[in-house]
Amino acid sequence: MLEAGQEERQIAIEKGDFHNEIPSITVIMDGGWSKRTHKHSYNALGGVAIIIGKETKKLLHIGVRNRYCYICNSAESRQESVKPHSCFKNWNHDSQSMESDIIIEGFKQAESKHGLRYMRVIDNPIYKGRHNLTKNVRIRLVSAVRCAIRMRAKEVKEKGVEKTEAVRNLRHDIINSVHHVFGKHSNCSDFCKAKLSSSTTSDDSILTSLQDPDESSDIFEDQVKLWTEGTSIEAQEETRKGTHINYSDVEQYIIQDVCTLLSRISEKADRLLGNNTTNLAESWMHIRCKFDGGKLYNLCNRGSWHGRCFGGGLRMNFGPEWSPKRSNIRLANSTRYKAKYNTHQKRWKRKMRSLTISCSKKARRSYGPEAIDVTEDIPVTDLAVLQSDFLEKHINISEMKIKEIASAMIKQSQSDNWHSERKKRITCSNFGKNHSKKTIYIGKEFS
């Protein structure tokens, strides 16, 4: 994370982005709990939050909170003194304040840790509305705002439109999106398909009434679907078309309330122009789910929750190759893995020592009654003659002959006769094997 912070700092310096002579950056942040709330259970034992740099797409800060320690809780229930241990409990307040505490901690440590200031934040949006708006209207409204942001950001990047002009146009589009959704297109921008076409066609997906009598869904129950469905490209393109809603039939107080909400969003048009999302933070949450089993198990009794969250952070910063590398390192350093080779070797030696005769296929073909190519033993008198001839021909030679052999064998294995000459002598390579062999006496002639 320190290296990622230095990369972000260098990029901010190159862009000239400073706040009171200190490099400032844009960050993406998000948080989560160790269990699912199901909209009624806000008592998770663990929480985690992250801060990601927008430019490097790497973690700059990660914090983990844990409200429970198995050893401390067991000692307290038994009314005993707590034994010395590594306690992972670092939070004594409610679960809902875990994420905000971690984010504040990250912001406070930014300057001392990375030499940066987090001046712009990309966070998950919080939608608030009234029950008078149906789910379809809310989806079309969000899609219209997202479409305006996408089109204006595209103009800045591809057409070279001035940022100040794009911000001004985006503010107008955001405030006008409610009128566009309810069928009034007189103030719409040029990318509005309903304004460009002289006549609008009916579509099954277009809203036909302000309130659907069959729909009784709560706005909070549809919040997740609202942001996922409303930000798709298909939904954004659909909002560019017209509707059959009569603008005069819409209750004006609804439009006023929605305009109040949209005016707050339009004030942040300069920050929305980058069309930034929190997909990086959501991506890390998916990585963390692979480490903790998808919030199905309680991992907060000891340090498992901490280790899995930090493991997910390392996985994101170092890439997908980090996990198998780390697994191989842990496996190679394990005692069981190291002793595996010695175990097999000792088992083979015990088996060989217990055998009275060799039972391998090669041994049966060379020795014993089943031998294929039987060679008779050389008589003692003939063996002595062969030994003396060998010594006189290859060992007891003149110094000149020794020098000739040495000069011809300088290249060792690349020489023609190196292998044959090497077999005739005791060298450094085979001295140890010959020296460690046991002495076996066969008959009186060799004693």
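**Figure 1. Threonine 56, a buried residue in the loop between β3 and β4.** In this predicted model, local features need pLDDT of at least 70 and side-chain atom pairs pLDDT 80 or more, whereas totals for chains, interfaces and linings use all residues. Residues are numbered from 1 along each chain as its sequence is written, and side-chain values use heavy atoms, leaving out hydrogens and water. Threonine 56 has 14% relative accessibility and therefore counts as buried (under 20% relative accessible area; exposed is over 50% and partly exposed in between, with a 1.4 Å probe and protein chains only). If we set aside residues up to four places away in sequence, threonine 56 touches Ala4, Glu7, Glu8 and Ile11 (contact means heavy atoms within 4.5 Å). Lysine 57 sits in the loop between β3 and β4 (59-66) as well. Lysine 57 has a positive phi of about 60°, although it is not a glycine. For background, most residues other than glycine have a negative phi.

**Figure 2. Glycine 47 in strand β3.** Here we look at strand β3, which covers residues 46-53 (strands are DSSP runs of E with at least two residues, helices are runs of H or I with at least four, and both are numbered from the N terminus). Is glycine 47 buried or exposed? Its relative accessibility is 0%, so glycine 47 counts as buried. Beyond its neighbours within four places in sequence, glycine 47 is in contact with Gly32, Trp33, Gly63, Val64, Arg65, Met98, Ile102 and Trp305. Histidine 306 is 259 residues away from glycine 47 along the chain, with 9.6 Å between the two C-alpha atoms.

**Figure 3. The packing of helices α11 and α12.** Helix α11 spans residues 279-292 and helix α12 residues 304-318; their axes lie 9 Å apart, at an angle of about 130° (axes are lines fitted to C-alpha atoms, for helices over the stretch in contact, and angles run from 0 to 180 degrees between N-to-C directions). That angle is why α11 counts as oblique to α12 (under 35 degrees is roughly parallel, over 145 roughly antiparallel, 65 to 115 roughly perpendicular, and the rest oblique). On the α11 side, the contact is made by Leu280, Trp284, Ile287, Arg288, Phe291 and Asp292. On the α12 side, look for Trp305, Arg308, Cys309, Gly311, Gly312, Gly313, Arg315 and Met316. Sorted by class, this contact has 7 nonpolar, 3 polar and 4 charged residues (Ala, Val, Leu, Ile, Met, Phe, Trp, Tyr, Cys and Pro are nonpolar; Asp, Glu, Lys and Arg are charged; the others, Gly among them, are polar). Lysine 295 is found in the loop between α11 and α12. Its phi is near 60°, a positive value in a residue other than glycine. Lysine 295 counts as partly exposed because its relative accessibility is 23%.

**Figure 4. The largest nonpolar core, with 23 residues.** Which residues have the most contacts inside this core? They are Leu141, Leu170, Val178, Val258 and Leu262 (a nonpolar core is a set of buried Ala, Val, Leu, Ile, Met, Phe, Trp, Tyr and Cys residues joined through side-chain atoms within 4.5 Å). At least two residues of the core come from each of α4 (135-159), α5 (163-181) and α9 (252-266). Helix α4 provides the largest share, 8 residues. Leucine 141 is in contact with Ser177, Val178, Val181, Val258 and Leu262, leaving aside neighbours within four places in sequence. A second, separate core has 16 residues, including Ile50, Ile52, Ile62 and Ile287.

**Figure 5. Leucine 261 in helix α9 and glutamate 155 in helix α4.** With 31% relative accessibility, leucine 261 counts as partly exposed. Leucine 261 and isoleucine 175 are 86 residues apart in sequence, and their C-alpha atoms are 9.0 Å apart in space. Glutamate 155 has 16% relative accessibility and so counts as buried. Its contacts are Gly160 and Val161, not counting residues up to four places away in sequence. From glutamate 155 to alanine 166 the separation is 11 residues in sequence and 7.7 Å in space, C-alpha to C-alpha.
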